[in-house]
Each structure stands twice: as structure tokens, then as C-alpha cells.
Amino acid sequence: MYQNGSHSYHLPPSSLLATLETLERVRQKIVYSRRLERLWIFIEESYSDPDIRLMDAARHSGVSQDHLNLLLRRFADTTFHDLLSRYRIEKCLGLLHEKNYTLTEIYSRCGFNSSTTFERQFKRWVGCLPSEYKSTLTNNGRQHKPFFE
């Protein structure tokens with residue numbers, strides 16, 4: 001099981017999210033750089049905007065695009081695009097567990113501009129399609145056993 005803050009998500013053990021440090025741990029690492037701390041705030045405030053780009057994040061952080069990715073590699077072993085994508089997917093997981101949102105509502109709220117992009121990123125990070133994951137969650141008050149256990 002993958003733990004993220006107060007949420008716990010049942011993920012396939014081989015999923016990318018299950019093999020990585022939690023976002024909270026990544027956040028703890030990047031606070032050593034004021035510029036990356038500004039980036040984190042920018043992502044928290046803007047992740048739902050499907051049009052944010054590396055250029056916007058770099059400008060907000062006060063560095064060039066190349067330097068921003070260099071800092072992310074150095075402090076968190078990631079890139080801006082991977083961090084943003086992962087952040088969005090984890091927000092999607094939270095919405096899937098919180099309320100009975102449709103998948104369209106979820107991907108729209110989390111900054112994905114198409115179901116294709118959402119499904120591709122979800123499968124990359126979680127290891128299955130969003131519809132498959134959703135079907136493993138509580139349905140009509142009954143808990144379904146996750147298909148990947």
C-alpha cells in the first residue's frame with residue numbers, strides 16, 4: 001500500500017508511485033532551495049490549470065527553465081513535468097477516494113485537458129487505467145477487493 005499524508009491508496013506493488021518516495025518526502029527535500037519552494041507553491045496553486053508550462057514555473061521560481069530542471073534533478077531526482085504529472089495524479093487519487101466524482105470531473109479538476117492524456121499518465125504512475133482503479137473502490141457501500149492484490 002502507498003501512503004501519502006493522511007491518504008492511503010492501494011496500488012499495484014509494481015506501479016511507479018508505489019516504488020517512489022512520497023510527495024511529502026520530495027517536498028521536504030526541496031525546501032533546501034528557496035527557488036524550489038516557490039515552485040512547490042506554484043504547483044499547489046496552479047496544478048489544475050492545464051496550460052501551465054515549464055516556462056511559467058521557471059519564471060515564478062526566478063530561474064531559467066534549464067536551471068529549474070537542474071535543481072529538481074539535484075534535490076528531488078525528478079523533472080518539472082514529472083513532478084507536475086505526479087502531483088496531478090495524486091490529486092486524482094484523492095478525489096477518487098473522497099467523493100463520487102466522474103472520471104471526467106476528476107481529470108478536469110486536476111489539470112488534464114483530455115481523457116487520453118489522463119489515462120496515459122494514470123496508467124504510467126498507478127499501473128492501471130482510472131476506470132479499473134475506480135472499479136476497485138467502494139461501490140454501493142460494498143468494498144471490492146483491489147484486482148492487483
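This is a predicted model: local features need pLDDT of at least 70, side-chain atom pairs count only at pLDDT 80 or more; totals for chains, interfaces and linings use all residues.
**View 1. How H3 and H4 cross.** Here are helix H3, residues 34-46, and helix H4, residues 54-61. Their axes come within 8 Å and cross at roughly 130°. That angle makes H3 oblique to H4, since anything over 145 degrees would be needed to count as roughly antiparallel. As for handedness, the H3 and H4 crossing is right-handed.

**View 2. Who touches whom between H3 and H4.** On the H3 side, look for Arg 35, Arg 38, Leu 39 and Phe 42. They meet Asp 56, Ala 57, His 60 and Ser 61 of H4.

**View 3. How H3 and H6 cross.** Now H3 is shown with helix H6, which covers residues 80-98. The two pack at an angle of about 40°, and their axes are 11 Å apart. H3 and H6 are therefore oblique to each other, as only angles under 35 degrees count as roughly parallel. H3 passes H6 in a right-handed crossing.

**View 4. Who touches whom between H3 and H6.** From H3 come Leu 39, Trp 40, Ile 43 and Glu 44, and from H6 come Phe 80, Leu 83, Leu 84 and Tyr 87. The tally for the contact of H3 with H6 is seven nonpolar, no polar and one charged. Keep an eye on Leu 39 of H3: this residue is part of the contact with H4 and also part of the contact with H6.

How values were computed
Residues are numbered from 1 along each chain as its sequence is written. Side-chain values use heavy atoms; hydrogens and water are left out. Axes are lines fitted to C-alpha atoms, for helices over the stretch in contact, and angles run from 0 to 180 degrees between N-to-C directions. Helices (H or I, at least four residues) and strands (E, at least two) are DSSP runs, numbered from the N terminus. Angles under 35 degrees count as roughly parallel, over 145 as roughly antiparallel, 65 to 115 as roughly perpendicular and the rest as oblique. A crossing is left-handed if the near helix is turned anticlockwise from the far one by less than a right angle, and right-handed if clockwise. Contact means heavy atoms within 4.5 Å. Ala, Val, Leu, Ile, Met, Phe, Trp, Tyr, Cys and Pro count as nonpolar, Asp, Glu, Lys and Arg as charged, and the others, Gly among them, as polar.
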